[in-house]
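Q: Hi, could you walk me through this model? I'm new to reading structures.

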Amino acid sequence: MEGKRKREKIEKIIRAEDEWEPIGHTPMPHVTDLRNWDRRLLQTYKPFYAPFCDLCCLCTYGKCDLTGTNRGACGIDISSQQARIVTLACCMGMSAHAGHAAHIIDYLIEKHGEDYPIDLGDQVNVECPNIRTVLGLKPETLGDLRKAIEYCSEQLVHIVSSTHTGQEGDPVDYESKALHISMLDHVSMEAADVAQIVGFKFPTSVADTPIVDMGWGAVDKSKPVILVVGHNPACSTEVIDYLRKEGLEDKVEVCGICCTALETTRYSDKAKIVGPLSRQLFFLRTGIADVIVSDEQCIRTDLTDEASKVGSVVIASSDKACRGLEEVSDRPTDEVVKEMVDNGKHFLILDHVKAAEVAVKAVLQLAPKRKKELIDENKAKELAQSCKECNSCEQVCPNLLPLSSAIKKVAEGDFEEFRSCFERCIGCGKCEEACPQDVPIFKLMQAVASWDTWKCRVGRGPVMDTEIRKVGAPLVLGTIPGVVAFVGCSNFPEEIDELAEIVEEFARRKYIVVLTGCSAMVIGMRKDAEGKTLYEKYPPEFDAGCIVNIGSCVSNAHITGAAMKIANIFANLPLRANYEVIADYVLNRVGACGVAWGAMSQKAASIATGCNRLGIPVVLGPHSSKYRRLYLSRKEEDDWTVMDGRKKELVDTQEPSPEHLAYVVESKERAMVTIAKFCIRKNDTPQGRQIKLNHYIDLHKRLLGALPDDLPLFVRTERDIPMFFKKEVRQYLQEKGWEPKPVLSLPTFIGTYPTKVPLDAVIK
Amino acid sequence: MAHPYHLVNILTGTKGAAEMKDAKPLAKIITKSARPLLVVGPRTLSFQLNEKLLIEYVIEIAKVGNIPICATAHTNKKFLELGVTPDTTYDVIEITNHLKDPEWKGVRGEGNHDLVVFVGFRTDLGNQALSTLKHYAPHLNTMTLCKFYYPNATFSLPNFRKDEEWKALLEGIIEGLK
């Protein structure tokens, strides 16, 4: 509940007296301030639960079996329990980014001071659209970014508290909390990445960022090798600085796995990306890394054990992942280095400058002592001989790979099936753990892995305001058929380069394609017949037919930010504390679709859920059914009534666009068809709708063999029918008894649910 | 499914699929159902039993049992190539969402289905969809025809180590439905 003092506090934080835009209805919204928006969204896109576990084991009343209509000892039912777990997952995801942001902002404030200005270059004036839209603050300094994180942290406490026994008991209210904290995940990511960009002088206001080498084969193992793992570049940039200071940048290889790799290449284009998260264990076990510097998130928790097995040493550098190690920031550097080199000891060093110095000194001494020998096919064949084909490996594989027969074939000298398994491997190592014969399965992979060098474009940060001005109109009118954002982890269902195939399909069709995180890496791991990767084939602008690497996980905020900027820069809607209006605009008028094909983490859950609150639908791969919850409509039965903002009257559009908000598909073929469909919006012009339907029909016919069953739902008038399919579609519509439907130029949810926002707020 | 006396100690839930090793009772369950539905996943296109794809067994089951087909993922294309037009192309999550509504009219508009037979899915995704139906669709039973045990189904095949056993069971079902 907001009182006078609370209001005054908010006004002080957001500097209400600054008149850059009028303040909207929800400055720094509390948990329930956007509850009605959520309930309106979820009235159309109802939560769909697929319980991953029938039980609740969170308190000592239980375990309680919640199957069917059973309730727990506290009274909770299976739906509320699923929503509760989803809320917790989103809190974990958001807190990982907020924790990252808090650390990096404080670290940079120590370096540069609280008043260090936020300057994203001459092409980015709307510097933090998420912070502007949610808080109502136009951040000017690193200190302002810290204010955003303090607000997010306070909200996190409220939402985590709601998951305690005997608190929230309604699934939709839990979902509203998950949506709230996930919206704040995008605020946190934005604060983190903008701080990094200004603090480390990462690329900004430029599209054509450098292209860097990628792959384990790109790492020169004849040099000392430092591997950085995780997501936070504070320590890895210190390593680069130290190497530069000592004139060693060409003498030591710095390579990375996961987002720290992406961040480090934003700082030095001499750094190399080994690959996504799914290659972490594989690369560790090659022993190529001499020194491993870990920071935070998605690092294997057995990192030190794995490093010890191959004679590498670890420096943990984050308070979030201390790994039981001795903290040695205050001990003399040479003493620490000696223990690492002579005894293989791992240490925690929270002082990043010190950690960098230790890493470089240790790698220079350790590397000459180590042998880095990889196995070849002959050795792999020999090692595979002990396989008894017992299937134990297969039974524990989260990606359901046919490992047993593949390893048996390796023993016979046939490597093809095992190579295919490696391409689909998510890198957990459970197979090897389960093997009663101790077959070193990950070692065998060295014989089938490609040792090619691939290419990745360096992440470029925010989409530029000038780019938004150029594409805003065609996107909203539909003549650019959509923005497709490929995000998230590498828990892919099939071959790792399947994503590149999907990405190229949409780039070729002149969608705007953006990528972040592990997804941004893996599309560089496929070459065409001429040896070119997608980053070398397609332009890097935010424009039709281009492929943009936005950056790391925290750069995801620039994707939602771009959608907000379309509402702001193209449609002139004020962002300031105006979340409902902006989300309503994005949902109903911006043809954007997220794709998290290999989502694994809690962060991926909150990133996707944050997109959903903003009205961006997300297509997920099959593993994501284990997140337990989706947001689905039932296209034929549901009510698709919206307000016509111009006529100010309710209109039953009968059109399910976008059809779902969070949706799982099993195959790449279905994913492609679904992505094309999810870019359809009610405000498409007939010309825009023709283009979108042309892609939907063409993909559907090619991949599913026929016209879509639901095509009549997306044709409003004859003018929507693509020229190329005119005759065929007309006949099909006639057979299905199709009738024309209303066409709206200003569809909105505002006015269809209780809100303080007047209908006039959506009209500019 | 055996349970500990004090159910508070259970590990994964109390309701698990009946393991069905013989074709006859499975065929009988299908025959006795008023409105069965086959929900077909993309692994029917890659599972090969001798010279035939799993989807070909599914088509035979559909034909002899007069069972409507829901072709999920990209299976529709193969059905059409094999001369079969599926009744619907809802994807697995969509059809599951419809099935949990007892008032839904079913793929032929005759009322919701009382038996849903899943075949050809990734086991993880299939089991999640079956979990939804186990919890939210008490009005129907589910059956799986893959060679893996699906705990969230009502009736499931066991984990077959040998494909010959699986093939024999599928052929037995086809025979039983004639």
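Predicted model: local features only at pLDDT ≥ 70, side-chain atom pairs only at ≥ 80, totals over all residues.

A: Happy to! Residues are numbered from 1 along each chain as its sequence is written, while chains are lettered from A and ligands numbered from 1 in the order in which they are written.

Q: OK, new topic: how many helices and strands does chain B have?
A: Chain B has six helices and eight strands. Helices (H or I, at least four residues) and strands (E, at least two) are DSSP runs, numbered from the N terminus. Starting at the N terminus, the order in chain B is β-α-β-β-β-α-β-α-α-β-α-β-β-α.

Q: And why does the radius of gyration of chain B agree with a compact globule?
A: Because a compact globule of 178 residues would have a value near 16 Å, and chain B has 16 Å. The radius is taken over C-alpha atoms, and the globule rule is 2.2 Å times the number of residues to the power 0.38.

Q: How much of chain B is buried?
A: 51% of its 178 residues count as buried. Buried means that 20 or more other C-beta atoms lie within 10 Å of the residue's own, exposed means 12 or fewer, and partly exposed is in between, with C-beta atoms placed from the backbone. Helix α4 (residues 92-99) of chain B is mostly covered, with eight of its eight residues buried. Among them are B:V92, B:H98 and B:L99.

Q: Where do the chains touch?
A: In all, 33 residues of chain A are in contact with 33 residues of chain B; contact means that C-beta atoms, placed from the backbone, lie within 7 Å. On the chain A side, the elements that each supply at least two residues include β1 (46-49) and α27 (686-704).

Q: Back to chain A: which strands form the open sheet?
A: Three strands, in the order β19-β18-β21, with antiparallel pairing. Strands pair if DSSP finds at least two bridges between them. The edge strands are β19 (649-652) and β21 (747-748), each pairing on one side only.

Q: Which residue stands opposite A:M643?
A: That's A:T748 in β21(A).

How values were computed. Contact = placed C-beta atoms within 7 Å.
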